[in-house]
Amino acid sequence: MARPAFIIKTALRDSRKDIGKLVMFMASIVLGIAALVAINSFNYNLVSDIDKQAATLLGADIVISENKPIPEELLTIADSLPGEKASQMQLFSMSYLPSVDETQFVNIRALEGGFPFYGILKTDPPEASDLFRNSKSVLVDDGMMIQYELGVGDSIKLGQATFEIAGRLQSAFGSSAIGGTFAPAVYMSKDHLTSTELVQPGSLVDYQYFYKTPDSFDADEWKSRKRKKFRDESVRIETIEDRKENLEEAFSNLNSFLNIVALVSLLLGCIGVASSVLIYIKTKIPSIAVFRCLGMKANQSFAIYFFQIFILGAIGVLVGAGLGALIQVYLPILFKDFLPYEVHMAFSGKAFAEGIAVGLIITTLFALGPLLGVRDVSPLQTLRVSSEGNIRKWSPWKILVYAAIVISIFFFLMRLTGSWRDGAVMTGGLFIAFLVLVAVAKLITWSIRKFFPTGWSYVFRQGLSNLYRPNNQTQTLLLSIGLGTSVLTMLFIIQGLLLKNVASMEAGNQPNTILYGIERDQKDALADLTRKFDLPIIQQVPIVTMALAGWQGKSKKEWMADTSRTASRWAINREARVSFRDTLSPDETLLEGTFTGHVKPGDSVFISLADNWARAMDVGIGDELVWNVQGAMLTTYVGSIREISFNSMNTRFFVLFPNGVLENAPQFQVLVTKSPNIETTARYRRDVVKAFPNVSVIDLGSILSALNDILTKVSYVIKFMAGFSILTGLIVLIASLLLSKFQRVKESVLLRTIGANRRQIFMINATEYMILGALSAATGIVLSLVGSYFMATQQLELDFKIQWLPIVGVFLFVVGMTVIIGLLNSREVLNKSPLEVLRKEVG
Amino acid sequence: MQDILRVRDVSKTFISGSRELTVLSEVNFTIKEGGIVAIVGPSGSGKTTLLGLCAGLDRPTTGEIFIFDQKISHLDEDEKAAVRNQYVGFIFQNFQLIPTLTALENVMVPLELQGNSKIARSRSRELLDRVGLGDRMTHYPSQLSGGEQQRVSIARAFSNTPRLLFADEPTGNLDGDTGDNIENLLFELNQEQGTTLVIVTHDLELAQQTNRIIRLKSGKIISDQLTLVHGSSSIHH
């Protein structure tokens, strides 16, 4: 009886000359595993750095925040916390830079106390981080200072007050570099905020209170006790633990995308593994038959080739894991603009080990499918050669292996999506795709035979008949190329949808400049200034800030205590920014009731509600709503319900009052206009800020150009990652087409021998590969459309609007590559003597 | 002398589409140990099918085949493989060497399969020396001529000291002189080792050098005669 040593020895001897045939096999594994390890390492480092840096990102143990002043009662509770306290008011405003005569939209952070308690504000010079707290000076974002060539000691005007720049802010605390593109941070002392006169009734200000508690104090336990009370007033409490969760959640989309890339690369790698092993085993059938003839048992011959494949697979997995670990060093550099903190490039043993485990399991399972065919090779092959070697399509072992593949894919996907249901749905989707491709292949071979175009020229008929004749490759190629095309196209579609959803914010002919914070007495002067620039006043509306005090006969407090309440918390607590006018605008449609444009003194006030807010409040026509308009109570009734189109950039109001009620309430104005170009916007903005320092000019154009920068970076990252999949896909294509080489070369040589010329052989092969490529690509694309529709609508909640151009590109690419690689395979037949080729292929 | 191969009422039918194709019909014969037997017949007469069945490479549709007293027609694939490894050797028309193994390694395979690794190398060297390829042991099949490949194949066939050796058109792919040399080598080694040799051929000259000729036509034995080499005319049906 042959010992294991003989099996190993024979495996090694047999692999010496044929190792080159397994290059595709190794390449598939290396790329698939490299992508998996690189992405997992990056994800683990991201999460571990979130854990390490959450405290410095929050800057305190507990942060309490709200976009309006926090009620005294709650502040008293918070102030009873042991330890230190600090606070901050955060708002957006225009700034004016006298030294360069420029304006810039900035994010003002007015600090009081020793915040941040964890981490530091990194400044240049270092002493500036203390200086600005005690003087009328500010810290300005380094990027903004470089952009406008500002220096320490220069001035910056914020609202009505001018400050000296004390230093450059080198780390944008707790936000990503991308975030700073819109509104660079400017830190100042809270003591001087009043002098800017930027905080007016209705201004958008975030109020934050920071608490540093002793180590022994359990912040999360305190939060869970107080949460309800704070939540009733929409006041947020955030602890370090919350920040960790929030950050992890914030990056879950990035994670999901990267995981999809890893999965696609791995699946394509698996198809590559199966295709290459199938080719390899086909070339080995004569040797296996001789071994069997000489008395080798089925299990022994299987063991020889299993050993070869397993060892090479393991080497491929190790190399892939090593390559992945190297690539992950590059990933943080790629993503640095999107991360609010530095991700360390540590080697992740966990990702490395996982990559090796997943790689070994998946490689072995996918190789086992074709490898099991070794057991079926009959010794009779030595006497009568048939190319398939009597390999059975189904056997109990094969069914077991295929079941194990399905189960392992399910577990992998379950781990990836974090839900067994999603894992099952995706596994089911892949399985259905597999079945569809097999069915399409069968349908194609059947219909070509049934409706064979007998009138066509010989070369086309020969090429076409290759698709159904014995030993045809239609099913194998359709499966591998179709599945490969499908996953790649799906990646493109999802990438396109993600990018398009962001790009859809582009304005087109929409207004592109919005002015807010305009006081009532500035209204006319500002309108004049706007007209002087030849800019249209598209909208000029007043805004009054108010809060809901009660409805349907009960006060807000009573409602909050009522367990049968149906109104949503967000709708109740929302600080209402209300407008008033006598007509509906073109983007508003009346759904119910009658719109009242004017009310006489003493009459009941009928207001108009946006349909979604009315639904969230669970109120209808005639219901009573009581408002607290900055101290004064005002009773109103629902007169009408409107639908608002969200396609325009105009301001929108959930609650609309008629004229004749709010004219004397504290209010500010918003003006919407459209500037023809960047130069006009810059000049207009400068003049507005000079004349009305409290008014903020939001230039949507510059926001869009910043967005465009981000999109360019995002798409670069996406392309880099998708590159993995595309490379693996190409390898799969080459491996799949090598399969057909063994069939076609002998036939072509025979045709050459009996007199076919080069052109005829070329046309026969080109016809076959073009039809195969087109059918595989088309089937794969249809499958990817179905798959991405479900993924976009169910998983990612995106609008499903397809860009056809990239898909047509994928189709042409796949067909082109199939024909080119197919023809390259048969170039020997075209260029060399038939005998030479036959000797080489047979020998 | 002991019967080494018994073929009893063997038929083989292939299904081709909806048609049944009978390749062998009710074949009976016995071969005694030590003899040299030729199976001859025109193309399509069923010679190679009969060889495949006798060597346990295929299963008869009906009938029984015994090697010594072991009924091989009812063994499973692995059991038949064990019988082949123990008692049977092969020589093929197209040599059937394993292209990835050297000449020496090809010859060693049957012995290594038996677990005789220790003697495998020395015995294989001896045999390769014997067939005149002592200086080509590390060469791959693609580096050898047709005649040399067939000599490696003969060395491999004798390496496990088989009791029964099947040769399928052993000179069919070789030119006249090379074919003659191979025939001589085959008969010499057969004599030295005392092996029973069954040759499938349509080369009547080669058949005349054996002790007995079984003629097949359309799947049936039409004659079974001893040759002049044997010196008698007894027929074993």
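Me: What makes A:R292 and B:E77 a salt bridge?
Reply: First off, this is a predicted model. In it, the closest N and O atoms of A:R292 and B:E77 are 3.8 Å apart. The cut-off is 4 Å between a side-chain nitrogen of Lys or Arg and a carboxyl oxygen of Asp or Glu, so the pair counts as a salt bridge.

Me: How many salt bridges are there between chain B and chain A?
Reply: The count is five.

Me: Which elements of chain B touch chain A?
Reply: Those giving two or more residues are α1 (47-54), α2 (77-87), α3 (103-114) and α4 (117-130) of chain B. The largest share, seven residues, is from α3(B).

Me: How many residues of chain B are in contact with chain A?
Reply: You'll find 35 residues of chain B in contact with 30 of chain A. About 2900 Å² gets buried between the two chains, with carbon and sulfur atoms giving 58% of that.

Me: What makes residues on chain B's side count as nonpolar, polar or charged?
Reply: It goes by residue type: Asp, Glu, Lys and Arg are charged, for instance, so B:E77, being a Glu, belongs with the charged class. On the side of chain B that touches chain A, that sorting gives 14 nonpolar, 12 polar and nine charged residues.

Me: Which residues does A:L371 touch?
Reply: Leaving out residues up to four places away in sequence, A:L371 touches A:V277, A:I281, A:F302, A:Y305, A:F306 and A:I309. A:L371 is also one of the residues touching the most other members in the largest nonpolar core, which has 56 residues.

Note on methods: Residues are numbered from 1 along each chain as its sequence is written. Chains are lettered from A and ligands numbered from 1 in the order in which they are written. This is a predicted model: local features need pLDDT of at least 70, side-chain atom pairs count only at pLDDT 80 or more; totals for chains, interfaces and linings use all residues. Side-chain values use heavy atoms; hydrogens and water are left out. Contact means heavy atoms within 4.5 Å. Buried area is the accessible area (1.4 Å probe) that two parts lose on being put together, summed over both. Helices (H or I, at least four residues) and strands (E, at least two) are DSSP runs, numbered from the N terminus. A nonpolar core is a set of buried Ala, Val, Leu, Ile, Met, Phe, Trp, Tyr and Cys residues joined through side-chain atoms within 4.5 Å. Buried means under 20% relative accessible area, exposed over 50%, partly exposed in between (1.4 Å probe, protein chains only).
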